[in-house]
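The tour goes stop by stop.

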Amino acid sequence: MSTEYEALTLTRAHRPQAIAEAAAGRTRRAWPDRDRPLFVIAADHPARGALGVRDRPMAMAGRTELLDRLRVALSRPGVDGVLGTPDILEDLLLLGALEDRLAIGSMNRGGLSGAAFELDDRFTAYDADSIAAMGYDGGKMLCRIDPEDHATASTLQACARAVSALAAHRMAALVEPMWVGRAGGRVHVDLTPEAVIKSVSVGQALGTTSAYTWLKLPAIDEMDRVMAATTLPVLLLGGDPTEAPDVVYARWQRALRQPGVRGLVVGRALLYPPDDDVAAAVDLAHSLLPSRQEA
């Protein structure tokens, strides 16, 4: 472990109040205006026990390596900020990596990857009050919907309450709805246009108001049909990068042409590219983002 990371651990051990101090003194960034897309790096996967990337089952297990990669990504031109759980965002705070960057708190991480209770997705990380107290810019929640799993009902209710609470603070709620099922005991996402459209229809109606709701959706081939199902702003997610990078980037580029798509929230595909060149992967993704005037 480097001297810098040893100092980080010592600060956590002896001056935990430094986290709140760093949050209070952080230089904040304004949410991008209507003429510029949003570009956020996602880093909340480890909290769900999802550490694998492609053929590397423990790729995200090394915390200091993950922090190194995040710091490279956040330093690149055009990157607006990061989405993460308290442990990661607080490490980045103490390292000074959240200066002039958006910070979005990941909220429900209790549905651990591969667990029997995966769809009973408890809110075990941030809540709206803690996100507001830290001076962050919004909250993200995963909302997996399985019509054959009773746990879906409690997850829907919890997500609805979180959307309402974030709106009460006038903070963005990033809702990631997914229509899912089980095969061989494992949860799988249904990426057919019909399933994504159904997930959009449910996700956008959560909460007492949708005034501050953004949707976080997969980029699929028939994105025009998906976007016809909503008037809410949409951010594209990266997902588990199992395909070749050029195939993934081409799909993002096509989806980004849709008028309601307002940017990217991508993690593993950019933090752990096949050649491990994080800066090049982030720069390439940024080059796909359109700049447009909207009436």
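Is Cys 159 buried or exposed? Select Cys 159: its relative accessible area is 0%, so Cys 159 is buried. Bear in mind throughout that this is a predicted model.

**Stop 1: the cysteine pair**

Now check the sulfurs. The cysteine sulfur closest to that of Cys 159 belongs to Cys 143, at 4.0 Å. The structure as a whole holds zero disulfides.

**Stop 2**

Go to Thr 85. This residue sits in the loop between β2 (81-84) and α4 (86-94). Thr 85 counts as buried because its relative accessibility is 3%, and the cut-off for buried is under 20%. Show side chains here. The side chain of Thr 85 makes a polar contact of 2.6 Å with the side chain of Asp 87. Next, display what surrounds Thr 85. Leaving out residues up to four places away in sequence, Thr 85 touches Asp 44, Ala 47, Ser 106, Arg 109, Ala 125 and Tyr 126.

**Stop 3: along α4**

Select α4 itself. Which of its residues are buried? Colour Ile 88, Leu 89, Glu 90, Asp 91, Leu 92 and Leu 93: these residues of α4 are buried. Note that Glu 90 and Asp 91 are in that set. The buried residues of α4 pack against α1 (3-14), α2 (18-25), α3, β2 and β3 (102-106).

**Stop 4: where α3 crosses α4**

The crossing is right-handed. Show the side chains on both helices. From α3, pick Arg 63, Leu 66, Leu 67, Leu 70, Arg 71 and Leu 74; from α4, pick Asp 87, Ile 88, Asp 91 and Leu 92. These two groups meet. By class, the contact has six nonpolar, four charged and no polar residues. Asp 87 is also the residue whose side chain pairs with that of Thr 85.

**Stop 5: positive phi values**

Switch to backbone torsions. Gly 96 follows α4 and has a positive phi, near 75°. Continue to Asp 100, in the loop between α4 and β3. Asp 100 is not a glycine, yet its phi is positive, near 55°. Asp 100 counts as partly exposed because its relative accessibility is 34%.

Then jump back to Arg 54, in the loop between β1 (38-42) and α3. Arg 54 is another residue other than glycine with a positive phi, near 55°. With a relative accessibility of 30%, Arg 54 counts as partly exposed.

**Stop 6: Thr 230**

Finish at Thr 230. Look for Thr 230 in the loop between α8 (223-227) and β8 (234-237). Its relative accessibility is 11%, so Thr 230 counts as buried. What does its side chain reach? A polar contact of 2.6 Å links the side chains of Thr 230 and Gln 204. A polar side-chain atom of Thr 230 also lies 3.0 Å from the backbone nitrogen of Leu 232. Neighbours within four places in sequence aside, Thr 230 is in contact with Val 200, Gln 204 and Leu 215.

Key. Residues numbered from 1 in each chain as written. Predicted model: local features only at pLDDT ≥ 70, side-chain atom pairs only at ≥ 80, totals over all residues. Heavy atoms only, no water. Helix = DSSP H or I, 4+ residues; strand = E, 2+ residues; numbered from the N terminus. Buried < 20%, exposed > 50% of the residue type's maximum accessible area, 1.4 Å probe, protein only. Polar contact = N/O pair within 3.5 Å; in protein donor to acceptor, adjacent residues only side chain to side chain. Contact = heavy atoms within 4.5 Å. Left-handed = near helix turned anticlockwise from the far one by under 90°. Nonpolar A, V, L, I, M, F, W, Y, C, P; charged D, E, K, R; others polar. Disulfide = S-S within 2.5 Å.
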